[in-house]
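Me: I would like to learn how to read the features of a model like this one. Could you show me the structure, and then take my questions in turn?

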Amino acid sequence: MASIDTGGGHGGKRSVNFELPLIPFIDFLLCLVSFLLITAVWSQMARINADARVPGPPRPEEDIDKQEKPKELHVEMRGERKFQLVWKEGSTVVNTIDVDRKAVPIGTNEDIQYPDLAKKIEAEWKQNGSHRAPTDKKFDRAVLHVDNSTHFQDVIAVIDAINTPQREYNVGGAVETVPAFMVTFAAN
Amino acid sequence: MSDKALHRFRQPISVPGPVLKHHITLAFVRKKVAGGGGRSVNFELPLIPFIDFLLCIVLFLLSSFSASGELPLDKNVRLPNAANVLDMVEAPMVAITGTQILVDGVPSGNVNAIVEANRLQRVDELFSVLKNKRELWKQINPGREFPGVAILQVDRKVPALVVKSVFQTSAFAGYPNISFMVGRLGGGDSGGGE
């Protein structure tokens, strides 16, 4: 077993050799390993944010004309062939862009991505995005409209594409990189 | 104690060892046939490399340790994967499997009813369960602002109509900030929360 031998200890003095108690130490380590293995988290789950458009409280004190109408990017996922990106200010359509719907399979797990859509949305945000500064607490909004028959997997692929443009965001002094758009999942 | 002092005492028990064929006079033959001089049967276990190995495992497991624990994933749900994702937060978990809607593992609605109706509708059972959870949270945390966050665990093949119904029901029950639970695709991570 492990020991420290200094070669001394002669002449009636106390031995200076020392036996290290390795067995209890190994037992302790094995217990620690067992505990950590049992409580280990092997699956790496994550989340994608979206919010619902719920009517807020009325603001009668403000004039309707003066209430701000922020620019929003509406992503229409209707039909099989294309996406439609529509910039709107309130109900006014500012610009409409068509993007081909080309799904690219990723890996062997039936996952798909829309890289063309992601590139276009990133370019659009760089051109028209209003909230870019890390200190800006507001986010540009993207509203996703999908058909009722669309599979959830396709919905996630589109939200993933919308989340491609990233911006810096100041959280209590620390700067984090977060998606530039706040996604709203439209019910209609 | 020196060896000389020990010789003064007769030792009744001798050291065990081979005793036969010791009468052979030739020393090298006697050594061969009587045994002795062989390999030691004692064996030193290499404990130090073993401890090093255990320490490496402990350090690796400690570095990947998560205090929040594993989030329960329904075995009937196959989640989609995404690249631009956020870290998980703790919130009520609404799972949509092929046929059922579960809130933290408790059945709270039926998917077939929405599919058969073929229109967006409120899921009453889910609404009441989430509303009760919201009220309970407010009682436990008086004076604090309710975050209104729920996590949707949806199977990848579920139609958007069901997702919309559950989404709207959750929003009207006081949970407008929904997160969709996904797997990480290609290790992409966009950092912390909002």
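Me: How many salt bridges does the rule find across the interface of chain A and chain B?

Reply: A salt bridge is a side-chain nitrogen of Lys or Arg within 4 Å of a carboxyl oxygen of Asp or Glu, and the rule finds three of them across the interface of chain A and chain B. One joins the side chains of B:Lys157 and A:Glu110, with 3.7 Å from N to O. This is a predicted model, in which local features need pLDDT of at least 70 and side-chain atom pairs count only at pLDDT 80 or more, while totals for chains, interfaces and linings use all residues. Residues are numbered from 1 along each chain as its sequence is written, chains are lettered from A and ligands numbered from 1 in the order in which they are written, and side-chain values use heavy atoms, with hydrogens and water left out.

Me: What is the area buried between chain A and chain B, and how many residues does the contact take from each chain?

Reply: Buried area is the accessible area (1.4 Å probe) that two parts lose on being put together, summed over both; between chain A and chain B this is about 5300 Å², with 64% given by carbon and sulfur atoms. In chain A, the residues that lose the most area to chain B are A:Met45, A:Arg47 and A:Phe152, together 17% of what that side buries. Contact (heavy atoms within 4.5 Å) takes 56 residues from chain A and 57 residues from chain B.

Me: Which strand of chain B is joined to S3(A) by bridges?

Reply: Helices (H or I, at least four residues) and strands (E, at least two) are DSSP runs numbered from the N terminus, and two strands pair if DSSP finds at least two bridges between them. Here, seven bridges join S3(A) to strand S6 (residues 177–184) of chain B, and the two run antiparallel. Within this pairing, A:Ala46 has B:Val182 of S6(B) as its bridge partner.

Me: Is B:Gly105 buried or exposed?

Reply: Buried means under 20% relative accessible area and exposed over 50%, with partly exposed in between (1.4 Å probe, protein chains only). B:Gly105 counts as exposed because its relative accessibility is 57%. B:Gly105 lies in the loop between strand S3 (100–103) and strand S4 (106–110) of chain B, and its C-alpha is 9.2 Å from that of B:Leu73, although the two are 32 residues apart in sequence.

Me: What share of chain A do buried residues make up?

Reply: Of the 188 residues in chain A, 38% are buried, and the chain has three helices and 12 strands.
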